[in-house]
Amino acid sequence: MRIHVLAKTAPAVIAAAMGVVALTSPQVVAADRPVPSVSAQADKHTKAIAAAQPNAVTAAATVCGSGYHLYSADMLPDASRKATLFVYVKGSNPASNDAPTCAILDNNTGSAKWMKLKLCSNYTADGCASDEGTFSQYAGPVYRAHGGCGTVTALMKTTSGSSTYIINAVRDTTNCN
C-alpha cells in the first residue's frame, strides 16, 4: 500500500491509514499556530497581545466574520485580565468614520459573568448596538457599519444584580485624532 503524507497530516490519521491503532498526541509547531489578521494601524500593545495570544485573537475574528482585522485589544481591567476587549475593523483605513467595526468582550475568568458590550457609531443616526447577559465565553459580537471613530463600552459584574463592577471601561473604537 502506498500512502502520500502531507506535512500537516495528523499522526493519528497516518496511523489509521496504515491500519495501526495507536493514540498519539499532536505536535504543535510554529507553523501550526494561527496567524491573526492585525491591522497595520494597530498599536504596539495590540500587536503584542496578538503575538502572545494568537488563538484568542483568531477565534474572536472568526466570530466577527470574514474581512475583519484586529485594530485594538485591551486587557481589562488591567494586566490581571478578567476580560479582553477586541475591536476589529474592515478596510484599509480603520480611522475612517465609515469603517465597519465589530467588538467582542472575551471572558477570561473561567466562570459565567454578567457582561454588557455596547458599540456606538460616530454617526448619531446610527446609534449603538449592544449585547448583554450572563456569558461564560464572550459578549458580542456587536457591529456598526460606521463604527470607526465611535466608542465601545465593556462592563462585567458577578451577576446582573451586583452593584460592583469587575470591569467598567469605555474606549475609542479607532484613533481618529
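Me: What's the strand order in the open sheet of four strands?
Reply: The order is β1-β2-β3-β6, with antiparallel pairing. Two strands pair if DSSP finds at least two bridges between them, and strands are DSSP E runs of at least two residues, numbered from the N terminus. This is a predicted model, where local features need pLDDT of at least 70, side-chain atom pairs count only at pLDDT 80 or more, and totals for chains, interfaces and linings use all residues.

Me: Nice, and which are the edge strands?
Reply: β1 (69-76) and β6 (138-144), each pairing on one side only. Residues are numbered from 1 along each chain as its sequence is written, and side-chain values use heavy atoms, with hydrogens and water left out.

Me: How many bridges hold β3 and β6?
Reply: Five, in the antiparallel sense, with β3 covering residues 101-107. Aspartate 106 has tyrosine 138 in β6 as its bridge partner.

Me: Switching to serine 121: where does it lie?
Reply: In the loop between β4 (113-120) and β5 (128-135).

Me: Buried or exposed?
Reply: Serine 121 is buried, because its relative accessible area is 11%; buried means under 20%, exposed over 50%, partly exposed in between (1.4 Å probe, protein chains only).

Me: What does its side chain make a polar contact with?
Reply: With the side chain of aspartate 126, at 3.4 Å. A polar contact is a pair of N or O atoms within 3.5 Å; within protein, one must be able to donate a hydrogen and the other to accept it, and residues adjacent in sequence count only if both atoms are side-chain atoms. The serine 121 side chain also reaches the backbone nitrogen of tyrosine 123 at 3.0 Å.
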